[in-house]
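The sequence and the structure are shown first, and the description follows.

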Amino acid sequence: MIKLAICDDEKKILEDMSQKVSNLISEADISLYSGGKKLLEDMKQMKQEGFDILLLDIDMPEISGLEAAELIQRFETKPLIIFVTSHDELVYDSLQLHPFGFVRKNYLDKELNRVLEDAVREISSKEKNFFFHTAEGDIRLSLKNILYFEAQGNYIRVVTGTEEYKFRETMLALENSLNSEGYVRIHKGFLVNSETVKVINSDRIILDDNTELPIGRSYQDLAKTKLMRGMLR
């Protein structure tokens, strides 16, 4: 399921794009916004569950698409931004924000199809997610945003840079499923994302956010070898 948002102050364009996206991406969860303010408010609340793709009108009242995109760049989870405009000259103004693509409203049928295909391909090749069930409901996290997993009795605590959850699972099953994704068992109680490791000491590691985790004696040699490989990528 791809989570996609469309933000445009023209109602007809909004409806047309929504219909075209539905036809092009069968499994799309589409959210519609008529202004940038509400879009930004919702994205701040979503945190790890952000949009995968954002079709964003450049020329809007109150908050322009360029202003909204600049603020979105500061979010932890960022969508692929595709600017939509009826003013070709505004395309050049947006280049500094490094959007994924552009769609001109006068060429909506032709250009929307192409850029969405490219965006879906980009997401499929790079984005991998971790799904689990909690008492609050089903959760999806991007694997790249997870710092580490910690065993707590019959439960696993999963920690990101901004939040944490608990779900029922064994550490062994988790290790087996994530071993090929760059996650390394450093202790009987910890499985760490090797891409978040900043320092490796003799008996502990330090993550990018300065969290310190212990390295178990029986895991030291293999864990350090795997972590060093991750740091050298």
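Predicted model: local features only at pLDDT ≥ 70, side-chain atom pairs only at ≥ 80, totals over all residues.

The surroundings of leucine 56 can be listed individually. When residues up to four places away in sequence are not counted, leucine 56 touches Cys7, Leu39, Gly65, Ala68, Ala69, Ile81, Ile82, Phe83 and Val84.

## The parallel sheet

The chain includes an open sheet of 5 strands, in the order S2-S1-S3-S4-S5, with parallel pairing. Strand S2 (28-33) and S5 stand at the edges with a single partner strand each, so one side of each has no neighbour in the sheet. From one strand to the next, the twist averages 20°.

Strand S1 pairs with S3 in the parallel sense over 4 bridges, and leucine 4 has isoleucine 53 of S3 as its bridge partner. Helix H2 packs on the sheet, where it touches S1, S2 and S3, and the direction of H2 makes about 155° with that of S1. Between S1 and S2, which also run parallel, there are 6 bridges; here isoleucine 6 has leucine 32 of S2 as its bridge partner.

## Covered and open faces of the strands

How many of the residues of S1 are buried? The count is 6 of its 6 residues, and S1 is mostly covered. This holds for both faces of the strand: Ile2, Leu4 and Ile6 are buried on one side, and Lys3, Ala5 and Cys7 are buried on the other.

Strand S5 shows an alternating arrangement of side chains. S5 runs parallel to S4, to which it is joined by 4 bridges. Opposite arginine 104 of S5 stands threonine 85.

## Aromatic pairs

A pair of aromatic rings is described by the distance of the centres and the angle of the planes. The chain has 10 aromatic pairs. One of them is the stacked pair of phenylalanine 83 and phenylalanine 102, at 6.5 Å centre to centre with 25° between the planes. This pair links distant parts of the chain, as phenylalanine 83 belongs to strand S4 and phenylalanine 102 to strand S5 (residues 101-104), 19 residues apart. Are these two residues buried or partly exposed? Phenylalanine 83 has a relative accessible area of 1% and is therefore buried. Phenylalanine 102 is partly exposed because its relative accessible area is 23%, where under 20% would count as buried.

The pair of phenylalanine 130 and phenylalanine 149 is edge-to-face, with 5.3 Å centre to centre and 70° between the planes. It too links distant parts of the chain: phenylalanine 130 lies in strand S6 (residues 129-134) and phenylalanine 149 in strand S8 (residues 146-152), 19 residues apart. Phenylalanine 130 counts as buried because its relative accessibility is 10%. Phenylalanine 149, at 0% relative accessibility, also counts as buried.

Ring pairs join Phe130, Phe132, Phe149, Tyr165, Phe167 and Tyr183 into a cluster. A charged residue also lies over a ring: arginine 168 is placed over the face of tyrosine 155, at 5.3 Å from the ring centre.

## The chain as a whole

The chain has 7 helices and 15 strands. Along the principal axes, its C-alpha atoms fill a box of roughly 65 × 35 × 30 Å. Of its 233 residues, 48% count as buried. Among contacts between residues at least 6 apart in sequence, 52% join residues at least 24 apart.

Terms used. Residues numbered from 1 in each chain as written. Heavy atoms only, no water. Contact = heavy atoms within 4.5 Å. Phe/Tyr/Trp six-rings, centres within 6.5 Å; stacked < 30°, edge-to-face > 60°. Helix = DSSP H or I, 4+ residues; strand = E, 2+ residues; numbered from the N terminus. Buried < 20%, exposed > 50% of the residue type's maximum accessible area, 1.4 Å probe, protein only. Lys NZ or Arg CZ within 6 Å of the ring centre and 35° of its normal. Pairing = 2+ DSSP bridges. Axes fitted to C-alpha atoms, helices over the stretch in contact; angles between N-to-C directions.
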